[in-house]
Amino acid sequence: MDVAVLGATGDVGRQVCAQLIERRVLPTSSRLQLVGRAEGSSGRVAHGLRADLVDAYDEHAPLIDVALSPDDVVADVIVLTAGRTTPARPGASSDRTALAAENLEVFSSYARALARNGSGHEVVVVVSNPVELAVAVVARELGRHRVIGMGAWLDTLRFRREVAVSLGVRRHRVGGFVAGQHGDDLVPLWSTVRISGLDTDERARAVERMRAGRSLDSFGAEIDAAKAALTDLVATDTGAAFELIEGWPPDLRVAARPWLTHQSGAKTAAGTANATVDLVDTVLDGRDIVVAGQVALDGEVDLGGRPLRGVLGVPVVLGPEGWTRVLLDEPAPDETRRLLSSADRIDASLRPWGLGRDQVGGAA
């Protein structure tokens, strides 16, 4: 099977391409398509990136080619990393509305081209931000089940790691998911946490110790306070800022650590690419696997008698034809409240672009 990376020359796109080859997700008989734009520098860089990848991984690299127009994209799995990103520097703010305005046409042009020229079976993994907007735009053109945003899976892997660190175990021993919106509106689903080697009672006690009596009802305020505390440190003593995070609860670290990484001037390209390649590998594997992702819902989730419609990060079954089922059984009351609030905020952010829950049909 073939993979196309839209925006292959960006920070995350390059990492995705390298990890796809290095982790041997693609066999030598498959094709990796590096997609850029004919205008600007990305067209030139795409050819150079191809040469560099072949040079580095010649022994086990797939066939690699370059495409410079949305109409030339041909693959079984499409990874959308194209579009502008928030600058990585101290004091940089993430204005999701401004980012949406800049990236909307990028998302739309690729979505229209895929709908026009594709096979009708491609699965799209969305990396670009705002991920919820990109999912809504592409799903409107291709159908809901063929599009998944990787933000919730990245947040899930971060959550599992932070829980594992608190318990002194490795991440592979921890299960559990993060839902909601990618960013400050993430919803850590503590009710889904599973820890290998602990029975139900032991797990409940471990989770209770980590949560320390806190509720998700105050989680948003905690994130705001955490950012304020880190802002005072990051410009003067970044090391101390990262040390400060270590004393916080696992779910707060999930929100704070990536934000501080970006504020430090670094980026989260390696971790983002790792989560993305996980999802690509899942689609190519041929088996159905439970992951988390931003998807366009049409009533598959019912929270307190309210069927959810619109884009939201949830645990789903993902396979070679996209996502098929949502697995969100009886979240805790505070999780339900935060999920509903997150869904409403996502809907409000999509409405200016005509992509609110009551502005699009069921396919979106």
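Good morning. The structure is a predicted model, in which local features need pLDDT of at least 70 and side-chain atom pairs count only at pLDDT 80 or more, while totals for chains, interfaces and linings use all residues. Residues are numbered from 1 along each chain as its sequence is written, and side-chain values use heavy atoms, with hydrogens and water left out.

I begin with the overall form. The chain contains 11 helices and 11 strands; these are DSSP runs, H or I of at least four residues for helices and E of at least two for strands, numbered from the N terminus. The C-alpha trace spans about 55 × 45 × 40 Å along its principal axes.

Next, the interior. Of the 364 residues, 52% count as buried, meaning under 20% relative accessible area with a 1.4 Å probe, protein chains only. The largest nonpolar core has 116 residues, and Val3, Leu32 and Leu80 have the most contacts inside it. Helix α4, residues 131-142, gives the most to this core, with nine residues. Such a core is a set of buried Ala, Val, Leu, Ile, Met, Phe, Trp, Tyr and Cys residues joined through side-chain atoms within 4.5 Å.

Which residues does Leu32 contact, leaving aside neighbours within four places in sequence? They include Val3, Val5, Cys17, Pro62 and Asp65, where contact means heavy atoms within 4.5 Å.

Conventions: Buried < 20%, exposed > 50% of the residue type's maximum accessible area, 1.4 Å probe, protein only.
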